[in-house]
Amino acid sequence: MVEHIAPKRMYFFVFGSLLVLTLLTWRIAYVDLGPWNTVVALAIAVCKASLVALFFMHLRWSGSMMRIVVCAAIFWLAIMMTLTLGDILTRNLVSPSHGWQSPATVSHTALPASP
Amino acid sequence: MSSPEVELPIESRVHYLNVDYGIKSWLLTTDHKRIGLMYLVSITFFFCFGGVAAILMRLNLLEPQGLLVEPETYNKLFSMHGIIMVFFFMIPSIPAVLGNFLIPMMIGARDVAFPRLNLLSWYVFMTGGMLTLYAVIAGGVDTGWTFYTPLSTAYTNTHVMAAAAGVFIAGFSSILTGMNFVVTIHKMRAPGLSWFRLPLFIWAMYATSIIFILGTPVIAITLALIGLERWFHVGIFDPALGGDPILFQHMFWFYSHPAVYVMILPSMGVVSELISAFSKKKIFGYHFIAFSSIAIAAIGFLVWGHHMFVSGQSLYAGLVFSALSFAVAIPSAVKVFNWTATLYKGSISYEAPMLYALGFIGLFTIGGLTGLYLATLAIDQHVHDTYFVVAHFHYIMVGGAVMGYLGGIHYWWPKISGRLYPDGWARVAAIIIFVGFNLTFFPQFILGYLGMPRRYAVYPPEFHTLNVISTAGASILGLGYIIPLIYLTWSMRYGPEAGPNPWHATGLEWTTASPPPPHNFEETPVVTEEPYSYDRLAEEIQVA
Amino acid sequence: MHNSHAVVAEQFDDRVQQHEASSLGMWIFLATEIMFFGGLFTGYTIYRNLYTSAFETASHLLNAKIGAFNTVVLICSSLTMALAVHAAQTGKRKRLIAFLLSTMGLGAVFLYIKFVLEWHHEYLDGLAPGLHFTYAGPHASRVELFFCFYFIMTGVHAVHMIVGEGVMTVLLVMAWRGAFSPEKYNPIEMMGLYWHFVDVVWIFLFPLLYLLGARF
């Protein structure tokens, strides 16, 4: 793998794009898009991060191993977030059946006698 | 397979132990072999501390009312036992000692990719260890090695900060080691050494390193958050602010479950080497074993919620984690089947390393199967936080990982020291360890099933007999651990010279002298054949 | 041969292997950083989902203009860092020093704005959990939770920048002494990767902390 020397004008072009995207994300925050505000903001952030990673960090010209490393880290982070969110968001989905009550809500004045 | 000049006697050669003398030559070394030995001394030192805590715990449990210590002190004992054994013995044991020593040798390299970072990792490890020992001496921690909130953040007044900081710092040692190993294995293999010609120990170490890299940072940030909550009262786990203590458990176990695979995978790698070498037979199912190591590392990251079935975690999440936990057992089972198939029709000899390997297979199987019980939601409801869990993980970590570690230490001892240890004593010690281990921990399965909670300083009288048996077993086990310390140290001076390949095993590490020269090989080896080519070796020995 | 100024370290066979190994090592380190910050982002995501309107209220208490300006500052510093690497690759010592200094300067500007203009004022305004939190508006406790994340996440980010400034100081001295050349510029390139990563973290922090819920 030959060490890649990028032309300087590429860096300036990417820099310009990053500035434009920053301005864009800031201004869009003042527009009412409902729940899409967050989606758009994150999408722009992903674009900016990709520009930095691919061009400033030379990922575009690096060996496949580096890209696998980055993708693996992002994927693993996604695992952590997804499964944790999976717990948090489904906590109250189960509706108790057959008169089951959460122990925290049971009155403790009438405990059953121990066997 | 070995060249003539490696047969010279130890004293007349320059090797990594005598190339330089003096404390500076050790403390400033960048030689991976010396760093491995420094780790060996360090983890043995920490093992003694963790072992003393265990002795005191088991002595206390001789009586239902607690024989020795107050419950508050008992809480500190099991916490320190867990913290020291997990973070300062088990996790570094095989990677930092055997991994550091062997990986460059097994791939035909002169050293790891980043020798100075390797040395740094040892200093970082020792810094973390000393800080944790300070926490012990200053009065200990009573939160358990699991540091659950809000006990650790709001209610306890023990030295949580120091212990958490110690573990945090030691975590960076794991990260540096993992980084070093991955780059070394990717970039520094000898000519001809393709991925599927690598010894299975390397595959196991590679999988372990993936876990180091992706998991350790999460516990680092989690412990940092505990520190911040204790010190600055910025409480993201504080229910008063809407924080969720279970979030701590998610973040903690996201690392700590893969951590247990860090503890077992290298040991499985060792066992693959031992079973093959002492059956004089090519390992059965090489590709299956190699891929199963990667599978265990990967799936191991998906199961952490099985520690939280009764914590208040959502039932749906519990279902998912339970199913995934069953899945992670499959690659482990694949290994056990392949090892067994390797033994079949092999030319088996029962030197100490093989005894440890065989013990590993049996005890790990028991530990692993009991893990399936625990992965079952309905059963875990009853045995969570009982001695059933304690027995399960000790079967895997002690019956499995530690036996694999001891087997590896014995197997590669001739390479490390240039000397043979007395195998008679070693076999006796191995059997004592096996017997003592089972006496200690099998009763604990029964105790747990009958309902004895873990982390309790006292217990109902009906559990008395089983606890006494367990403590008796622990004393036998402790004796068993002391014996190798004695004869291995003795052998360094008085053991007969080993020569390059006393076991007639395959592998690049056995082609160079014992102890190896500072740069491992006189000239870089070129690999032309498959690993574990014992059939070829047998022909050569017959011809010779 | 033990030559501490050798282009290729002892354990490597050639420059290509050394360069590939260093790059892979640095990217693996960055992967660990992704997981390190990732823990914080995970916690943040959980609570944002649970307490959406409280977090939006809290986000409005931050000054988005300053945050945007700081984002621009960091992006400029990434440009100067990339140009520093380019200068090292092409053997332009003076330019390398100039761009390293610019990067360090822009980083210092960022830190000044963060600590003095933001953190200090937030503390004075009673928005610093654990130290001085007096906000009494709606969802006060959840707002305090948001500010816990704000200070911790920007704090950890700032610590990474400070470490980066420290390493760049060392590299600056080395560059001054002529240690770098087109054959030997690896440390600068590795520093670049680190610094760009710190920028990427901020690229995510800015919208998540400052731009929550529209401000209309």
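This is a predicted model: local features need pLDDT of at least 70, side-chain atom pairs count only at pLDDT 80 or more; totals for chains, interfaces and linings use all residues.
User: What share of chain A counts as buried?

Analyst: Of its 115 residues, 25% count as buried.

User: Next, chain A against chain C. How many residues are in contact?

Analyst: On chain A, 43 residues are in contact with 39 residues of chain C.

User: Which helices of chain A supply that side?

Analyst: α1 (8-28), α2 (36-56) and α3 (64-89) of chain A each supply at least two residues of the side that touches chain C. α3(A) gives the most, with 15 residues.

User: How do the residues on that side divide into nonpolar, polar and charged?

Analyst: The side of chain A that touches chain C has 33 nonpolar, 6 polar and 4 charged residues.

User: Now chains B and A. How many residues does the contact take from each?

Analyst: It takes 14 residues from chain B and 13 residues from chain A.

User: Which helices of chain B are involved?

Analyst: α7, α8 (245-279) and α10 (315-343) of chain B each supply at least two residues of the side that touches chain A. α10(B) gives the most to that side, with 4 residues.

User: And how do those residues of chain B divide?

Analyst: The side of chain B that touches chain A has 9 nonpolar residues, 5 polar and no charged.

User: Let's pick one residue. Where is B:S209?

Analyst: B:S209 sits in helix α7 of chain B, which covers residues 200-232.

User: Is B:S209 buried or exposed, and why?

Analyst: B:S209 is buried, because 29 other C-beta atoms lie within 10 Å. The cut-off for buried is 20 or more.

User: What does B:S209 touch?

Analyst: Leaving out residues up to four places away in sequence, B:S209 touches B:G178, B:F181 and B:V182.

User: How far apart are B:S209 and B:P515?

Analyst: They are 306 residues apart in sequence. In space, B:S209 and B:P515 are 26 Å apart, C-alpha to C-alpha.

User: Last topic, helix α4 of chain B. What should its span be, and what is it in the model?

Analyst: Helix α4 of chain B has 23 residues, 115-137. At 1.5 Å a residue, it should span 33 Å. Its end C-alpha atoms are 33 Å apart, so the two agree.

User: Which residue with a positive phi follows α4(B)?

Analyst: B:G139 follows α4(B), and its phi is positive, near 135°.

How values were computed. Residues are numbered from 1 along each chain as its sequence is written. Chains are lettered from A and ligands numbered from 1 in the order in which they are written. A residue is buried if 20 or more other C-beta atoms lie within 10 Å of its own, exposed if 12 or fewer, and partly exposed in between; C-beta atoms are placed from the backbone. Two residues are in contact if their C-beta atoms, placed from the backbone, lie within 7 Å. Ala, Val, Leu, Ile, Met, Phe, Trp, Tyr, Cys and Pro count as nonpolar, Asp, Glu, Lys and Arg as charged, and the others, Gly among them, as polar. The expected span of a helix is 1.5 Å times one less than its number of residues.
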